[in-house]
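Have a look at the fold, then read on.

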Amino acid sequence: MKHDDMKMHDHEMGEMDMHDHEMGEMDMHDMHDMDHDHGDMMMHGGHMMHMGNLKQKFWVSLVATIPIIILSPFMGIKLPFQTTFPGSDWLVLLLATFLFFYGGAPFLKGAKGELAEKNPAMMTLIAMGITVSYGYSLYAFIANHFLATQTHVMDFFWELATLIVIMLLGHWIEMNAVMSAGSAMEKMAALLPGQAQVLDQDGQQHAVDLKDLQEGQTVLVAAGEKVPADGLVVNGQSQVNESLVTGEAKAVAKKTGDQVIGGTVNGDGTLTVKVTGTGESGYLAQVMKLIKQAQQEKSKVEGLADKVAKYLFYAALVAGIIAFISWFFLADLNTAFERMVTVFIIACPHALGLAIPLVVARSTAIAATNGLLIRNRQAIEVADQITMVLMDKTGTLTQGAFKVNAVQPTGEMSKTQLMAYMGALERHSSHPLATGILAYNDAEKITMSQAENVQTIQGIGLTGAIEGQTYQIVTADYLQEKQIAFDTAAFETLAAKGNSISYLIQGQTVLGLVAQGDQLKPEALTFIKALKKRHIQPVMLTGDNQQVAEKVAQQLGGMTVQANLKPEDKEALVQDYQAKGEVVLMVGDGVNDAPSLTRADIGIAIGAGTDVAIDSADVILVKSNPNDIMHFLNLAHATSRKMTQNLWWGAGYNILAIPLAGGLFAAWGLILSPAIGAILMSLSTIVVAINAMTLKLKN
């Protein structure tokens, strides 16, 4: 999908083209069936690999393992329940060979990919363990049956089989854990109905599966039904509950010409909606795309986990070779091979591969269900280092719903004519100030003129032609810069009350002004207090005048204010603070703040919706509630702690296990067998998974 370019007039911030963002083709029907895809895919070490049906592989491998456990000795010891019969050793060889190539295939393929990238990690370690144990056991079988060996060579078929089954079980646990962590996507997909009631050209109604719904079709949404797709109301009036999508609790009035979002719930009225966004281009598809992307992206801590695994691979390789050489001289060739095989099997750090992905998958799922869409995992790690939060005023700290408080024409132009001309220009804009003027004209039943060739003046306002004459809507800064005379006393009086002021001019003449006021968000004061409590410095950035900014800052208990800014000014400020050693979190509307959102260490777009420039932010707040930023900081702190814990659980046991496996403490009777090592490693995996799933958001 590719959204058309949208231009947004901004009296404060100027104009910035909303970048096209490629969301990729995504059928909403596929969203509902996403769990089926997960059955064949598994992320390990940051790489998404085709794993086949792990559940099936586990059960088939388990069936093949049971005879091996019964017929093959454990570390050369015949257990009480074990038995043999003529040809049983050949059966064991055949079953072990099947297990190695069937059950071990995911690990062998994964290792091949890692080695091709010259980046050995978890899969390489596992592949090394099963390959060495199978190869050595094959050598033992040949030596015992076809070579004239004086002593019986012990095989590792029992250990090979149990290791593969345990590894598959571990991966199955991982797969289920990741699927559980990703269930937020399925919950969002469930917001949409399975079918839509499409109206034909002749007005006949018929049901169509959601996956077959197309843009341009007209659908009927009855009272109490879910809106099937993003669209434009062409007939009817109703109240629509958007809380499940936008987080806003109140019902939103909808009438002809208003937009509706797929997944919202219609109220008492009946709406006829023209579809503008189907499954792959709708808002929910974008949201789910973000979650999926967040779960697949790799963070710096994951890079550390992979680096640990790489070092562990080389450490195991060196330790295994040293153990082989040492035991070759201390005992014999068979013992030397046995110790080397044991080291390689023990070193498989399967839990290390799960340590970070499970935590982040869980974290992104918790975030999504709390109105936080994390699209860049690195934001989680940087969050604990934040020293300064820069935030746009309009829409972040204030409601962004402007109301006209004063209309003051100059000269012979009347209030009605002034508002008709300003409305003619402003209806080509979607900025909150434009919305305020249009709402005023609608309430006062002012008939607006027709404007042509309307264009945005970056950082200033709008220009266009009305009845053959050119008019402009500009700011006080523009008037001062161009040395155009205006009533500065009136400006000071209105601005001191917290109003944003726009001027209509023709040439060098000011025709009048409109003053609009915005209201603070009820959560804004709590948010600023919470930042200060955490010793994070809040800074307000705004394109509005200094007086308005200072008034808002005063109402919020005081903070640093940077006013009269253009988009490039905000970005420059972010760079300046970073150059001084500050770690900056930028909060903005995601469109005009895109440069600074991208430049900041963490960019948070507030006010998520169909028009948010999601490509510019690391985190998106669906509910437009600034307090959710504190939820993000709290979740990020808890996530980082879980990551560190899991890294220790995933790799720490090897510090003791590898020396034990190599026989370093053999003189004291402490030697670790491959099977015991595999069990310990599997337990480590389970602990990692459980630890990840205990991650919670504490407000």
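This is a predicted model: local features need pLDDT of at least 70, side-chain atom pairs count only at pLDDT 80 or more; totals for chains, interfaces and linings use all residues.

Residues are numbered from 1 along each chain as its sequence is written, and side-chain values use heavy atoms, leaving out hydrogens and water.

**The sheet from β14 to β15**
- Going across this open sheet, the six strands come in the order β14-β19-β18-β17-β16-β15, with antiparallel pairing (strands are DSSP runs of E, at least two residues, numbered from the N terminus; two of them pair if DSSP finds at least two bridges between them).
- The edges belong to β14 (403-409) and β15 (451-457); each has a single partner strand, so one side of each has no neighbour in the sheet.
- On average, neighbouring strands here are turned by 20° against each other, direction ignored.
- β14 and β19 (residues 509-517) run antiparallel and are joined by six bridges, with Ala406 opposite Ala515 in β19.

**The helix across it**
- Helix α16 (residues 415-426) lies across β14, β15, β16, β17, β18 and β19, at about 105° to β16 (461-466).
- A helix here is a DSSP run of H or I, at least four residues; contact means heavy atoms within 4.5 Å; and angles, from 0 to 180 degrees, are taken between N-to-C directions of axes fitted to C-alpha atoms, for helices over the stretch in contact.

**The sheet from β4 to β9**
- Another six strands make an open, antiparallel sheet ordered β4-β3-β5-β11-β6-β9.
- β4 (205-209) and β9 (259-260) sit at the edges with a single partner strand each, so one side of each lacks a neighbour in the sheet.
- Two bridges link β9 to the antiparallel β6 (residues 230-235), and Gly231 stands opposite Val260 in β9.
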